[in-house]
Amino acid sequence: WSSGTILATGQALLAVRAIERAAKKVGPEKVTGAAVRDAILAAPISSAELFSFFPDLEFNREAPTPFRSTVNIGTVKGGKLVEAGSQVPVPFIPKWW
């Protein structure tokens, strides 16, 4: 596992969960990009739904990225990835330029 693998897996899970939500709302035959975006914006996606690859994610129309700043922290023990922290706040760093 590498950081790239973790990020790619989390992003794939996010996409699948959003598509699942869109299909439930509009029907599988009517899933469009707009329906998937609406599904992402409708409600937070929990860390549990993402198998803890990401923290809870919440999006809004003003921000193309999650606007809550938390992370899940993992470490390797005995050759296995284990959780070291969940929903850990990330401090706000103001723009410096």
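1. Val76 is exposed, since its relative accessible area is 58%; here exposed means over 50%, buried means under 20%, and partly exposed is in between, all with a 1.4 Å probe and protein chains only. Val76 sits in strand β1, where strands (E, at least two residues) and helices (H or I, at least four) are DSSP runs numbered from the N terminus. Val76 and Trp1 are 75 residues apart in sequence, yet their C-alpha atoms are 9.9 Å apart in space.

2. A quick word on the ground rules. You are looking at a predicted model, in which local features need pLDDT of at least 70 and side-chain atom pairs count only at pLDDT 80 or more, while totals for chains, interfaces and linings use all residues. Numbering starts from 1 along each chain as its sequence is written, and side-chain values use heavy atoms, with hydrogens and water left out.

3. Now the overall layout. The protein has 2 helices and 2 strands, and from the N terminus on these elements run α-α-β-β. Of its 97 residues, 23% count as buried. Taking contacts (heavy atoms within 4.5 Å) between residues at least 6 apart in sequence, 28% join residues at least 24 apart.

4. How do the two helices meet? The axes of α1 and α2 come within 8 Å and cross at roughly 105°. That angle makes α1 roughly perpendicular to α2. For the conventions, axes are lines fitted to C-alpha atoms, for helices over the stretch in contact, and angles run from 0 to 180 degrees between N-to-C directions; under 35 degrees counts as roughly parallel, over 145 as roughly antiparallel, 65 to 115 as roughly perpendicular, and the rest as oblique.

5. As for who makes that contact, α1 supplies Ala18, Ile19, Arg21, Ala22 and Val26, and α2 supplies Ala35, Val36, Ala39 and Ile40. By class, this contact has 8 nonpolar residues, no polar ones and 1 charged residue. The classes put Ala, Val, Leu, Ile, Met, Phe, Trp, Tyr, Cys and Pro under nonpolar, Asp, Glu, Lys and Arg under charged, and the others, Gly among them, under polar.

6. Which residues of α2 (residues 33-42) are buried? They are Ala35, Val36, Ala39, Ile40 and Leu41. Their cover includes α1 (3-26). As a reminder, an α-helix has 3.6 residues a turn, so residues three or four places apart point the same way.

7. Ala23 is worth a look on the α1 side. This residue of helix α1 is partly exposed, with a relative accessible area of 22%. Leaving aside residues up to four places away in sequence, Ala23 touches Pro28 and Val31.

8. The largest nonpolar core has 14 residues, of which Leu14, Ala22, Leu50, Leu57 and Phe59 touch the most other members. Such a core is a set of buried Ala, Val, Leu, Ile, Met, Phe, Trp, Tyr and Cys residues joined through side-chain atoms within 4.5 Å. Two or more residues of this core come from each of α1 and α2, and α2 gives the largest share, 5 residues.

9. Phe59 belongs to the loop between α2 and β1. Phe59 is buried, with a relative accessible area of 12%. Its C-alpha lies 8.4 Å from that of Ala42, a residue 17 places away in sequence.

10. Please also check Asn72 in strand β1 (residues 70-77), which is buried at a relative accessible area of 18%. A polar atom of the Asn72 side chain lies 3.3 Å from the backbone oxygen of Ser52, and the side chain of Asn72 reaches the backbone nitrogen of Gln87 at 3.0 Å. For reference, a polar contact is a pair of N or O atoms within 3.5 Å; within protein, one must be able to donate a hydrogen and the other to accept it, and residues adjacent in sequence count only if both atoms are side-chain atoms. Residues touching Asn72, beyond those up to four places away in sequence, are Ser47, Ser52, Phe54, Pro55, Gly85, Ser86 and Gln87.

11. Ser52, in the loop between α2 and β1, has a positive phi of about 65° although it is not a glycine; Ser52 is partly exposed at 36% relative accessible area. Gln87, in strand β2 (residues 80-89), is also not a glycine and has a positive phi near 55°. At 23% relative accessibility, Gln87 counts as partly exposed.
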